[in-house]
Amino acid sequence: MKDNNFIIYILALANASVVVGMGLITPSILIIKNDFNVSAETVQLVLTYYMIAAGLGQLIFGTFSDRYGRRPILLMGGFLFAASSIISIFSPNILSLLFLRVIQGLGAAACMSMARVIITDSFEKTEAAEKLSLVTAIMVIFPLISLILGGFIAETIGWVGIMYIFVLFGFIIFICALIQIPETKIDKIKRLNFEKISNSYLVVLKNSKFLILTFISSILVGIFFSSFGFMPYEFARLGVSPLEFGFWLSFTGLGYFAGNILNKYYAAVFGIEKLIIIGCLLSLMSYLSILFMHLNSFLNPLYISLPIIVFGLGNGFTVANCIIGGVSATGSNSGTATGVAGAMQMSSGGIVGAIVISLGGDESFLVCLILVNLLCAIAFLLSVYNYKNKT
């Protein structure tokens with residue numbers, strides 16, 4: 001693939017699909033809860049089902065792209081995202097909305113996984129890490145906008161207005177990919193052999209380097225996405241409106257943007273293993289500081305929003321490097337590895353969020369902080385282990 005900036009921007013847009021699908025609708029969670037008159041556990045499924053579908057979808061689409069190519073899967077993803085959003089506008093109950101959120105998640109999964117693997121196909125390891133960091137840095141603009149825009153729409157139009165934005169977003173990806181994105185999978189598998197597919201999954205899952213790096217990124221991505229589920233309740237307790245909530249939570253994106261920009265320039269200088277350790281340490285420090293301030297009864301939204309800038313910065317150093325390092329370690333099984341990594345990352349967000357709410361995270365922010373700090377500590381220890389055992 002030629003080094004075309006417009007193509008990189010399209011891939012950044014596709015890579016942002018999962019986050020946009022979460023960010024825009026997050027400020028509307030309490031509105032959806034009241035509109036459909038459901039419990040906190042039930043409305044959490046609007047996020048959980050979407051994330052699990054986005055995760056499992058990447059597992060499927062990564063393998064199918066090895067057979068049918070990257071471009072057809074990307075086109076299908078944009079179409080599914082837009083079409084399901086149109087139908088969601090007319091959802092008569094929470095069950096139909098949940099079903100359509102699953103379809104949205106599958107569409108987002110196809111877009112996100114193909115954006116990543118197209119970059120892996122097209123560039124060498126170090127350059128791919130730089131390109132993916134650039135793509136991710138550009139991508140961060142969309143969650144920033146989506147959280148703030150989502151808050152504005154939630155207060156003025158309601159959650160249905162969010163679906164109209166999703167329709168536009170999906171069709172933009174579809175049309176741009178149709179016109180500009182070339183096929184990057186040259187040596188396609190001639191036919192899907194399920195025995196070979198199973199073997200490729202086994203090979204990937206036996207790769208310790210891949211597993212460690214994927215676990216690290218899954219933990220941090222899981223924390224980021226699960227915060228979309230439990231943060232609205234804490235901000236509401238602080239007296240923050242949906243529009244203000246979108247603004248305060250978007251601080252994570254500021255740090256994430258800065259982290260990816262810095263990673264683009266320093267990945268080749270320090271090596272991805274060192275930057276992963278730094279990123280995990282920053283993430284742990286950010287949530288430890290939130291825990292400290294919460295225990296000391298801080299009541300201003302800044303006690304959350306300033307530290308999560310540091311969390312975003314840590315993710316900027318960690319996520320892209322874990323993806324490139326893990327996928328590159330699997331060689332010819334990169335498509336399958338991309339799907340497995342994406343599945344673990346996205347599903348972790350939905351699962352962690354559901355666990356937090358089921359443990360009472362909607363009522364107690366302390367529960368959320370204890371679990372998140374434990375996960376950050378595990379990620380940090382894994383990053384140190386990975387550095388000591390690098391090959």
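Two salt bridges are present in this predicted model. Side chains of opposite charge can pair when their charged atoms come close. The two pairs are listed below.

| Salt bridge | Closest N to O distance |
|---|---|
| Glu273 with Lys209 | 3.4 Å |

Glu273 and Lys209 are both buried.

Arg237 and Glu234 are separated by about one helical turn because they lie 3 residues apart in helix α10. Arg237 has 38% relative accessibility and therefore counts as partly exposed. Glu234, at 5% relative accessibility, counts as buried, since the cut-off for buried is under 20%.

A further topic is the packing of two helices. Such a pair is described by the angle between the axes and the distance between the axes. For helix α12 (residues 251-270) and helix α14 (residues 302-328), the axes come within 6 Å and cross at roughly 30°. The crossing angle makes α12 roughly parallel to α14, because angles under 35 degrees count as roughly parallel. The crossing of α12 and α14 is right-handed. In the contact of α12 with α14, 14 residues are nonpolar and 10 are polar, with no charged residues.

Key: Residues numbered from 1 in each chain as written. Predicted model: local features only at pLDDT ≥ 70, side-chain atom pairs only at ≥ 80, totals over all residues. Heavy atoms only, no water. Axes fitted to C-alpha atoms, helices over the stretch in contact; angles between N-to-C directions. Helix = DSSP H or I, 4+ residues; strand = E, 2+ residues; numbered from the N terminus. Parallel < 35°, antiparallel > 145°, perpendicular 65-115°, else oblique. Left-handed = near helix turned anticlockwise from the far one by under 90°. Nonpolar A, V, L, I, M, F, W, Y, C, P; charged D, E, K, R; others polar. Salt bridge = Lys/Arg side-chain N within 4 Å of Asp/Glu carboxyl O. Buried < 20%, exposed > 50% of the residue type's maximum accessible area, 1.4 Å probe, protein only.
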